Amino acid sequence: NTLNSADANYAAILPVTVTVTIADDDSPCVCITPINVTVGEGGATGSYQMRLTTQPTAAVTVTLVLTDGQITTDVGELVFTPLTWSAMQTVTVTAVNDVVAEGGMQRLIAHAVTSADPDYDVIDDRTVTVNIVDNDTAGVVVNPTTGLTTTEAGGSATFTVVLTSEPTAAVTVTLASNDTSEGTVSPTQMV
């Protein structure tokens, strides 16, 4: 500090030292945005991005932890260095296109953070919620449903029965004639 003045009273004053303490309000954190994504089986993918909020002293590894086989990601881990800490990195999420009618569901992606930087090595796991839109529906298709012709002299007609999705338990389809004096169905049950 210096004090300059043509006024002799001020020119003789010695500089005053002022001590200032700066409170660092930057907290180390893995910033994830958005924390909810929607994906569709056999269709739309979703994505989210992450970066660090402060410069680390060592590389920070964020490992993605998936809860089951309903979703996949294009990367298994992201690494942030002291040079790349503020650059957004993208994770793309895809729903596994199965043939089971499960309805809409949610899955979580956890993010385990490890680093030699003690400020980042203690960060709690962050999660992203993935909303999955199912493209399968439970149902039974009978084909054909009209135009079947047979004879009373022992003729037969054939039709097929197919489930529209893979069941999670056994499905029994019971078949019956609405007039057994005119015709019967064989077999009477399909599992």
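User: Why does Thr129 count as buried?

Analyst: Thr129 counts as buried because its relative accessibility is 16%, where buried means under 20% relative accessible area, exposed over 50% and partly exposed in between, with a 1.4 Å probe and protein chains only. This is a predicted model, in which local features need pLDDT of at least 70 and side-chain atom pairs count only at pLDDT 80 or more, while totals for chains, interfaces and linings use all residues. Residues are numbered from 1 along each chain as its sequence is written, and side-chain values use heavy atoms, with hydrogens and water left out.

User: Where does Thr129 lie, and what does it touch?

Analyst: Thr129 lies in strand β9, strands (E, at least two residues) and helices (H or I, at least four) being DSSP runs numbered from the N terminus. Not counting residues up to four places away in sequence, Thr129 touches Ile35, Asn36, Val37, Gln106, Arg107 and Leu108, contact meaning heavy atoms within 4.5 Å.

User: How do β8 and β9 pair?

Analyst: Strand β8 (residues 105–115) and strand β9 (residues 126–133) pair in the antiparallel sense over seven bridges, and two strands pair if DSSP finds at least two bridges between them. Gln106 has Asn131 in β9 as its bridge partner.

User: And what's the strand order in the sheet?

Analyst: The sheet is open, with five strands in the order β2-β9-β8-β4-β6 and mixed pairing. Because β2 (36–40) and β6 (77–80) stand at the edges with a single partner strand each, one side of each is left without a neighbour in the sheet.

User: Switching topic, which residues have the most contacts inside the largest nonpolar core?

Analyst: They are Tyr48, Met50, Val93, Ile109 and Val130, in a core of 24 residues; a nonpolar core is a set of buried Ala, Val, Leu, Ile, Met, Phe, Trp, Tyr and Cys residues joined through side-chain atoms within 4.5 Å. Elements giving two or more residues to this core include β3 (46–52), β7 (89–95), β8 and β9.

User: What is Ile109 in contact with?

Analyst: Leaving aside its neighbours within four places in sequence, the contacts of Ile109 include Tyr48, Val93, Val128 and Val130.

User: Zooming out, what about the whole chain?

Analyst: The protein chain has two helices and 13 strands. Its radius of gyration, taken over C-alpha atoms, is 34 Å, well over the 16 Å that the globule rule (2.2 Å times the number of residues to the power 0.38) gives for 191 residues, so the chain is more spread out than a compact globule. Its C-alpha atoms fill a box of roughly 130 × 35 × 20 Å along the principal axes, and buried residues make up 25% of the 191 residues.
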